[in-house]
Amino acid sequence: MRELIDADRLPGQPRCTPEKLAAARSPAPFPLAGWTVPAWPRISVLADAEDRPYGIIAYLSWTDVRTGLICWVHAYEDPSALHALLGHALAALADCTWIDAFVSAPPGPLGPGGLPCTRRGATHDALVQTGFTGRCQGCYLHCVLPAEPPSAKLVADVFPCDYPPGHRLIIREAAEPVAEAVVSVEPDRTATVYWIETLPTRRHRGLGHKLLSQALALLAEQGATEVALVLDDAQQSASESRAATRLFRSFGFILVDQLWTYQHPRPQAARPGA
(Lines give C-alpha, C1' and ligand atoms only; values in the text may rest on other atoms or scores of the structure.)
Protein backbone atom coordinates (compact mmCIF):
# COMPACT_ATOMS: atom_id res chain seq x y z
CA MET A 1 0.00 0.00 0.00
CA ARG A 2 2.86 2.36 0.75
CA GLU A 3 4.18 1.79 -2.77
CA LEU A 4 0.81 2.91 -4.16
CA ILE A 5 0.90 6.10 -2.10
CA ASP A 6 4.53 6.90 -2.85
CA ALA A 7 3.92 6.45 -6.59
CA ASP A 8 1.97 9.74 -6.47
CA ARG A 9 4.51 11.48 -4.25
CA LEU A 10 5.34 15.08 -5.20
CA PRO A 11 8.80 16.66 -4.91
CA GLY A 12 9.51 17.43 -1.27
CA GLN A 13 6.62 15.34 0.01
CA PRO A 14 7.71 12.90 2.73
CA ARG A 15 7.56 9.20 2.00
CA CYS A 16 4.85 7.10 3.57
CA THR A 17 5.96 4.98 6.53
CA PRO A 18 4.12 2.16 8.34
CA GLU A 19 3.66 4.46 11.33
CA LYS A 20 2.07 7.22 9.27
CA LEU A 21 -0.16 4.82 7.40
CA ALA A 22 -1.34 3.48 10.76
CA ALA A 23 -1.95 7.04 11.99
CA ALA A 24 -4.20 7.62 8.98
CA ARG A 25 -6.60 5.09 10.47
CA SER A 26 -7.13 7.19 13.62
CA PRO A 27 -10.35 9.19 14.08
CA ALA A 28 -10.57 12.24 11.86
CA PRO A 29 -10.93 15.70 13.39
CA PHE A 30 -14.38 17.27 13.30
CA PRO A 31 -14.71 19.47 10.18
CA LEU A 32 -17.06 21.94 11.84
CA ALA A 33 -17.67 22.98 15.43
CA GLY A 34 -20.60 21.16 16.97
CA TRP A 35 -20.20 17.93 15.01
CA THR A 36 -19.88 15.45 17.80
CA VAL A 37 -19.89 11.95 16.32
CA PRO A 38 -16.35 10.60 15.80
CA ALA A 39 -15.51 9.52 12.27
CA TRP A 40 -13.20 6.56 11.71
CA PRO A 41 -11.62 6.35 8.25
CA ARG A 42 -12.38 3.25 6.23
CA ILE A 43 -9.61 2.10 3.92
CA SER A 44 -10.48 -0.16 0.98
CA VAL A 45 -7.92 -1.87 -1.23
CA LEU A 46 -8.39 -2.94 -4.85
CA ALA A 47 -6.35 -6.02 -5.81
CA ASP A 48 -5.16 -7.04 -9.27
CA ALA A 49 -5.49 -10.51 -10.85
CA GLU A 50 -2.52 -11.74 -8.81
CA ASP A 51 -4.04 -10.44 -5.56
CA ARG A 52 -1.57 -7.58 -5.27
CA PRO A 53 -2.74 -4.11 -4.14
CA TYR A 54 -3.45 -2.01 -7.21
CA GLY A 55 -5.57 0.75 -5.71
CA ILE A 56 -6.44 2.18 -2.31
CA ILE A 57 -9.03 4.67 -1.08
CA ALA A 58 -9.79 6.17 2.33
CA TYR A 59 -13.17 7.68 3.19
CA LEU A 60 -15.35 8.40 6.21
CA SER A 61 -18.68 9.92 7.20
CA TRP A 62 -20.28 11.82 10.05
CA THR A 63 -23.62 10.18 10.72
CA ASP A 64 -25.08 13.09 12.71
CA VAL A 65 -24.86 15.45 9.72
CA ARG A 66 -24.92 12.86 6.90
CA THR A 67 -21.73 14.24 5.37
CA GLY A 68 -18.93 12.18 3.85
CA LEU A 69 -15.31 12.74 2.96
CA ILE A 70 -13.02 10.97 0.52
CA CYS A 71 -9.62 11.56 2.10
CA TRP A 72 -7.36 10.20 -0.63
CA VAL A 73 -7.21 7.67 -3.45
CA HIS A 74 -4.23 6.13 -5.24
CA ALA A 75 -4.25 3.71 -8.19
CA TYR A 76 -1.22 4.45 -10.37
CA GLU A 77 -3.48 6.87 -12.30
CA ASP A 78 -5.32 3.93 -13.89
CA PRO A 79 -8.77 5.26 -14.93
CA SER A 80 -10.61 1.94 -14.53
CA ALA A 81 -9.16 1.35 -11.07
CA LEU A 82 -9.95 4.92 -10.02
CA HIS A 83 -13.56 4.59 -11.19
CA ALA A 84 -13.92 1.31 -9.30
CA LEU A 85 -12.54 2.80 -6.08
CA LEU A 86 -14.64 5.97 -6.29
CA GLY A 87 -17.76 3.95 -7.10
CA HIS A 88 -17.11 1.75 -4.08
CA ALA A 89 -16.72 4.77 -1.79
CA LEU A 90 -19.81 6.53 -3.16
CA ALA A 91 -21.85 3.38 -2.57
CA ALA A 92 -20.56 3.17 1.00
CA LEU A 93 -21.44 6.85 1.50
CA ALA A 94 -24.88 6.52 -0.11
CA ASP A 95 -26.66 7.93 2.97
CA CYS A 96 -24.66 11.16 2.86
CA THR A 97 -26.27 14.28 1.42
CA TRP A 98 -22.91 15.89 0.75
CA ILE A 99 -19.47 14.44 0.07
CA ASP A 100 -16.18 16.33 0.00
CA ALA A 101 -12.95 15.02 -1.51
CA PHE A 102 -9.33 16.07 -1.11
CA VAL A 103 -10.11 18.78 1.42
CA SER A 104 -7.11 21.09 1.60
CA ALA A 105 -4.49 20.42 4.26
CA PRO A 106 -0.76 20.81 4.75
CA PRO A 107 1.42 18.41 2.77
CA GLY A 108 2.01 15.04 4.44
CA PRO A 109 3.00 11.46 3.71
CA LEU A 110 -0.44 10.54 2.37
CA GLY A 111 -0.91 13.51 0.09
CA PRO A 112 -0.17 17.20 -0.46
CA GLY A 113 -3.53 18.37 0.89
CA GLY A 114 -5.61 18.93 -2.21
CA LEU A 115 -5.32 17.00 -5.46
CA PRO A 116 -2.45 18.08 -7.77
CA CYS A 117 -4.76 18.27 -10.76
CA THR A 118 -2.14 18.38 -13.53
CA ARG A 119 0.11 15.61 -12.28
CA ARG A 120 -2.90 13.52 -11.37
CA GLY A 121 -5.12 14.31 -14.31
CA ALA A 122 -6.66 10.82 -14.43
CA THR A 123 -7.85 11.16 -10.82
CA HIS A 124 -9.27 14.62 -11.58
CA ASP A 125 -11.13 13.24 -14.60
CA ALA A 126 -12.49 10.27 -12.61
CA LEU A 127 -13.81 12.58 -9.89
CA VAL A 128 -15.56 14.83 -12.42
CA GLN A 129 -16.98 11.85 -14.32
CA THR A 130 -18.46 10.45 -11.08
CA GLY A 131 -20.32 13.67 -10.29
CA PHE A 132 -17.84 15.79 -8.36
CA THR A 133 -17.23 19.44 -9.09
CA GLY A 134 -13.86 20.95 -8.20
CA ARG A 135 -12.11 24.24 -7.69
CA CYS A 136 -8.55 25.37 -7.16
CA GLN A 137 -7.79 25.76 -3.47
CA GLY A 138 -4.10 26.62 -3.58
CA CYS A 139 -0.67 25.81 -4.92
CA TYR A 140 2.02 23.34 -3.96
CA LEU A 141 5.49 24.93 -3.89
CA HIS A 142 8.88 23.26 -3.55
CA CYS A 143 12.49 24.30 -3.21
CA VAL A 144 15.83 22.55 -2.91
CA LEU A 145 17.99 23.95 -0.12
CA PRO A 146 21.56 24.89 -1.08
CA ALA A 147 24.32 22.64 0.20
CA GLU A 148 25.61 25.56 2.28
CA PRO A 149 22.66 27.85 2.98
CA PRO A 150 23.54 31.45 3.87
CA SER A 151 23.45 32.32 7.53
CA ALA A 152 20.29 34.06 8.67
CA LYS A 153 19.87 36.82 11.19
CA LEU A 154 18.20 35.45 14.30
CA VAL A 155 15.09 37.58 14.67
CA ALA A 156 12.62 35.01 15.99
CA ASP A 157 12.33 32.99 19.17
CA VAL A 158 12.22 29.25 18.47
CA PHE A 159 10.12 26.76 20.42
CA PRO A 160 9.49 23.02 19.91
CA CYS A 161 5.90 22.08 19.10
CA ASP A 162 4.11 18.74 19.30
CA TYR A 163 1.68 19.06 16.40
CA PRO A 164 2.99 19.03 13.88
CA PRO A 165 6.18 17.73 15.48
CA GLY A 166 8.64 20.48 14.68
CA HIS A 167 9.35 24.06 15.68
CA ARG A 168 7.48 27.32 15.99
CA LEU A 169 9.27 30.59 15.24
CA ILE A 170 7.83 33.82 16.62
CA ILE A 171 8.95 37.42 16.03
CA ARG A 172 7.89 39.78 18.80
CA GLU A 173 7.75 43.54 19.06
CA ALA A 174 7.31 44.97 22.54
CA ALA A 175 6.50 41.42 23.72
CA GLU A 176 3.68 41.15 21.17
CA PRO A 177 3.85 38.33 18.57
CA VAL A 178 3.80 39.96 15.13
CA ALA A 179 4.97 37.14 12.84
CA GLU A 180 4.94 33.37 13.20
CA ALA A 181 6.03 30.25 11.29
CA VAL A 182 5.70 26.51 11.95
CA VAL A 183 8.16 24.11 10.30
CA SER A 184 9.02 20.42 10.50
CA VAL A 185 11.70 18.02 9.20
CA GLU A 186 11.09 14.36 8.36
CA PRO A 187 13.64 11.53 8.75
CA ASP A 188 13.98 11.35 4.95
CA ARG A 189 15.26 14.97 5.06
CA THR A 190 12.16 16.47 3.48
CA ALA A 191 10.74 19.47 5.31
CA THR A 192 7.48 21.38 5.39
CA VAL A 193 6.59 24.99 6.10
CA TYR A 194 3.16 24.46 7.65
CA TRP A 195 2.43 28.05 8.46
CA ILE A 196 3.93 31.51 8.02
CA GLU A 197 1.98 34.66 8.77
CA THR A 198 2.56 38.31 9.67
CA LEU A 199 0.00 40.50 11.41
CA PRO A 200 -1.77 42.67 8.81
CA THR A 201 -0.69 45.83 10.67
CA ARG A 202 2.98 44.77 10.48
CA ARG A 203 3.17 43.78 6.83
CA HIS A 204 5.36 45.38 4.12
CA ARG A 205 8.25 45.75 6.59
CA GLY A 206 10.28 42.70 5.62
CA LEU A 207 9.28 40.58 8.62
CA GLY A 208 8.10 37.70 6.44
CA HIS A 209 11.42 37.64 4.58
CA LYS A 210 13.43 37.63 7.81
CA LEU A 211 11.23 34.96 9.34
CA LEU A 212 11.35 32.64 6.32
CA SER A 213 15.11 33.10 6.07
CA GLN A 214 15.58 31.98 9.67
CA ALA A 215 13.08 29.12 9.26
CA LEU A 216 14.88 27.72 6.20
CA ALA A 217 18.25 28.06 7.93
CA LEU A 218 16.86 26.11 10.89
CA LEU A 219 15.56 23.36 8.62
CA ALA A 220 18.94 23.11 6.87
CA GLU A 221 20.69 22.83 10.24
CA GLN A 222 18.38 19.94 11.07
CA GLY A 223 19.38 18.08 7.91
CA ALA A 224 16.63 19.06 5.46
CA THR A 225 17.59 19.12 1.79
CA GLU A 226 14.23 20.16 0.29
CA VAL A 227 11.18 22.03 1.51
CA ALA A 228 7.51 22.05 0.49
CA LEU A 229 4.63 24.32 1.38
CA VAL A 230 1.05 24.96 0.34
CA LEU A 231 -0.01 28.48 -0.61
CA ASP A 232 -3.72 28.61 0.23
CA ASP A 233 -5.20 31.03 -2.29
CA ALA A 234 -8.71 30.65 -0.88
CA GLN A 235 -7.69 32.31 2.39
CA GLN A 236 -5.94 35.30 0.81
CA SER A 237 -6.80 38.30 -1.28
CA ALA A 238 -5.27 38.61 -4.74
CA SER A 239 -2.72 41.16 -3.50
CA GLU A 240 -1.78 38.97 -0.52
CA SER A 241 -1.35 35.97 -2.80
CA ARG A 242 0.92 37.93 -5.15
CA ALA A 243 3.03 39.18 -2.22
CA ALA A 244 3.36 35.65 -0.82
CA THR A 245 4.34 34.29 -4.23
CA ARG A 246 7.06 36.94 -4.59
CA LEU A 247 8.38 36.10 -1.13
CA PHE A 248 8.60 32.37 -1.77
CA ARG A 249 10.09 32.80 -5.25
CA SER A 250 12.83 35.00 -3.78
CA PHE A 251 13.94 31.94 -1.77
CA GLY A 252 13.88 29.58 -4.76
CA PHE A 253 10.43 28.03 -4.38
CA ILE A 254 8.83 26.94 -7.64
CA LEU A 255 5.25 25.99 -8.48
CA VAL A 256 4.79 22.22 -8.73
CA ASP A 257 1.03 22.07 -9.25
CA GLN A 258 -2.32 23.59 -8.36
CA LEU A 259 -4.24 21.83 -5.60
CA TRP A 260 -7.96 21.22 -6.08
CA THR A 261 -10.74 20.22 -3.71
CA TYR A 262 -14.05 18.63 -4.77
CA GLN A 263 -17.67 18.44 -3.70
CA HIS A 264 -20.43 15.99 -4.57
CA PRO A 265 -23.90 17.24 -3.49
CA ARG A 266 -26.57 14.62 -3.92
CA PRO A 267 -29.65 15.50 -6.03
CA GLN A 268 -32.15 17.78 -4.25
CA ALA A 269 -29.90 17.90 -1.17
CA ALA A 270 -28.57 21.04 0.44
CA ARG A 271 -25.29 21.19 2.27
CA PRO A 272 -25.69 20.88 6.07
CA GLY A 273 -25.90 24.26 7.70
CA ALA A 274 -26.42 26.07 4.39
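1. Let's start with a charged pair: the side chains of Asp 48 and Arg 52 form a salt bridge, with N and O 3.1 Å apart. A salt bridge here is a side-chain nitrogen of Lys or Arg within 4 Å of a carboxyl oxygen of Asp or Glu. Asp 48 is partly exposed at 25% relative accessibility, and Arg 52 is partly exposed at 46%. For these words, buried means under 20% relative accessible area, exposed over 50%, and partly exposed in between (1.4 Å probe, protein chains only).

2. A word on what you are looking at: this is a predicted model, where local features need pLDDT of at least 70 and side-chain atom pairs count only at pLDDT 80 or more, while totals for chains, interfaces and linings use all residues. Residues are numbered from 1 along each chain as its sequence is written, and side-chain values use heavy atoms, with hydrogens and water left out.

3. How many salt bridges does the structure hold? There are 10 salt bridges. One of them joins Arg 172 and Asp 157, whose closest N and O atoms are 3.5 Å apart. Arg 172 sits in strand β8 and Asp 157 in strand β7, so this pair ties together parts that are 15 residues apart in sequence. Strands (E, at least two residues) and helices (H or I, at least four) are DSSP runs, numbered from the N terminus.

4. Another salt bridge brings together Arg 202 and Glu 173, at 3.0 Å from N to O. This pair links distant parts of the chain, with Arg 202 in the loop between β10 and α5 and Glu 173 in strand β8, 29 residues apart. Arg 202 is buried at 18% relative accessible area, whereas Glu 173 is partly exposed at 22%. Glu 173 and Arg 202 also belong to a network of salt bridges with Glu 176 and Arg 205.

5. Now try Asp 257, in strand β12 (residues 254-265). The side chain of Asp 257 does reach the backbone nitrogen of Thr 118, at 3.1 Å.

6. Look at the backbone too. The peptide bond from Tyr 163 to Pro 164 is cis, with omega near -5 degrees, and Pro 164 is in the loop between β7 (157-161) and β8 (166-173). Asp 51 is not a glycine, yet has a positive phi of about 65 degrees; its place is in the loop between β1 (42-47) and β2 (53-62). Asp 51 is exposed, at 65% relative accessible area. His 204 also has a positive phi, near 65 degrees, and is exposed at 81%.

7. Finally, the second largest pocket has a volume of about 180 Å³. A pocket is an open set of points on a 1 Å grid over the protein atoms alone, with protein on both sides within 12 Å along at least five of seven lines; lining residues have an atom within 4 Å of a point. Grid points are joined across faces, edges and corners, and the volume is the space filled by probe spheres set on them. Helix α5 gives the most to this lining, with 3 residues. Lining residues of the second largest pocket include Cys 143, Leu 216 and Phe 251.

Terms used: On a 1 Å grid over the protein atoms alone, a cavity is a set of points where a 1.4 Å probe fits but cannot get out, and a pocket is an open set with protein on both sides within 12 Å along at least five of seven lines; lining residues have an atom within 4 Å of a point. A polar contact is a pair of N or O atoms within 3.5 Å; within protein, one must be able to donate a hydrogen and the other to accept it, and residues adjacent in sequence count only if both atoms are side-chain atoms.
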